[in-house]
Amino acid sequence: MIQPRSSKIIIASLFLFLCFNAFSANEFILTEESDFHYVYIQTNEPYSKHDELMRQFYQECMKQNLEKYITGKMLTIYFDDDVPLWRIGFEIKTQIRVDSPLTTDEINYKKCIQKQYTGNDIKSTIQILKFRLQEMELIQTGPTIIKWTEKSKLSEQSVPEVDIIIPTSSTDSTSFIIAKTSRYIVLISIVLYLMLGFMVLIIKTNCKIRNLLLAFFLFSSALVLSGWIVGAFQYSIFSGFPFFYYIANLFCFLPAPLLFLYTRSLIKMKSRLIGWDLLHFIPFTVSLILWIDKFYIQPAEVKRSLILSEEIFSNFWELTGFIVLNGQIIGYIGAALVLIYTSRKKVKNLYGMQNMQYSWLNFILWGFLVTSYIAHLKHLLYNYIGVYSELLYILRISSNLAFVIVLFYKGVLHPYLFMHGIYPLSNGRDPSLSRRMFEQYRNQLIDYMNHHKPYLIPEITLAGLSNMTSIPQRSLSEVINKGFQQNFFEFINSFRIEEAKKLIGSSVDNNKTILEILYEVGFNNKSVFNASFKKLTGKTPTEYRLEGVS
């Protein structure tokens, strides 16, 4: 089980992060209702060319004798549509008639968020302000307004001083509830991934590499999911921790190969990785090198500039990464499912833990595939088609929470499901023992089973029995497969059924129930016990008891 100290550290870290967000300095002013008229010219020229446009606009205003209507405050109004549009204008006292190329309009807003700014990077400041807007659960209801102070009018000084105003309103109650709930859901999912990962690391097993592969899969899944936390707290992370802004992108190429290698280790009893296995991590390595070169070696201020520019990688690299990631997920999960299918074909009958292991491997693989592709479909619709689906958003976070809750529940209740290998019946191609050693090990095994009854241990494994009997694991498997024509679980269950038969016979007098007996002999599943009992005796446990009574 996970140590209490580890869980406290995780929870404390998350609490400190939320505190930072909650108590970060409030650099913005929330103002109430306002409306005004303005005269303007419109352009889609980049912001860097606006100085000359401002002079032309001012000259045109003088030409049309508008001085008496102008309040003296110059405006720049930014419409952030598919094609960004700028309006350069003056606030005026009332609605008036003007000639081309000038136009008049009116702005009304009930609430707004406002920031005073001095500097030349106004566009980046607007974007930062929008990060903060999202974090405050506000939505923009109108164009961004830049009011130039008297000191900065017509770029008379090199460093302009402006008020940036964004009209806002609170999100509706449904959206507010969804946004707040989703943050907690994602946070809980991340905590569960991390706790389960630490639990896997501290469980002792005969194959450490298997534990490491599963633990790193869980840790990388938590890091990929952390991208949702970054989205919810964009401003806080951008301002205080720009290093973590793209952490989800950094690790997105890890979960699929790790899950495949874990599945292979569980099924094929691989106790170590070989040099060729490192090829599975080429996409992650290439991505890591690119991110370090383009982003992570840069100073914090450069990181913030790159975040605002949204141009760290070209469209070619972004599309290539998206294609490789999707191909990786389909390829690795498909290969893992094929491994499971071919492994199950070698086993005629599945019992107890073996059957549960196959079922849960399937659950992990399909769960990862489904949750991944809900996220990718949402990304595809929003980034490439421009459609935002709230349904996919809810499905994504809820399916991920359900997935990790089931993993965590089973990991705590049945940790052996993920830790021990699956042992199919030998296909006869393994190296054979000598006849003398085979008989020695066979007699040694029967003697140990009869005197020490290790089959009464519910979570007995081949590795565990090997340690108990001092018979090498490969030799033990060969003795069971060839000497008894059974796989490991059939062999163990045959002894359990013989013990159950004795207890059922004696339980006529002491009123011990069938359920009590099945647990006593090492089973932990009633349906598996009934199936095994009928297979070996031709009767159900109840029929066997009634026959004994008669």
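This is a predicted model: local features need pLDDT of at least 70, side-chain atom pairs count only at pLDDT 80 or more; totals for chains, interfaces and linings use all residues.
Local features required pLDDT of at least 70 and side-chain atom pairs pLDDT 80 or more, whereas totals for chains, interfaces and linings use all residues. Residues are numbered from 1 along each chain as its sequence is written, and side-chain values use heavy atoms, with hydrogens and water left out.

Helices are DSSP runs (H or I, at least four residues) numbered from the N terminus. The axes of helix H5 (residues 208–232) and helix H8 (residues 255–268) come within 9 Å and cross at roughly 155°, axes being lines fitted to C-alpha atoms over the stretch in contact and angles running from 0 to 180 degrees between N-to-C directions. H5 is therefore roughly antiparallel to H8 (over 145 degrees; under 35 is roughly parallel, 65 to 115 roughly perpendicular and the rest oblique). Contact (heavy atoms within 4.5 Å) involves residues of H5 including Arg210, Phe216 and Phe217, and residues of H8 including Pro255 and Tyr262.

Helix H15 (residues 435–452) packs against helix H16 (residues 462–469) at about 95°, with the axes 11 Å apart; the two are therefore roughly perpendicular. Gln444, Leu445, Tyr448 and Met449 of H15 meet Leu465, Met468 and Thr469 of H16.

Ser287 lies in helix H9 (residues 282–296). Excluding residues up to four places away in sequence, Ser287 touches Asn249, Leu250 and Phe253.
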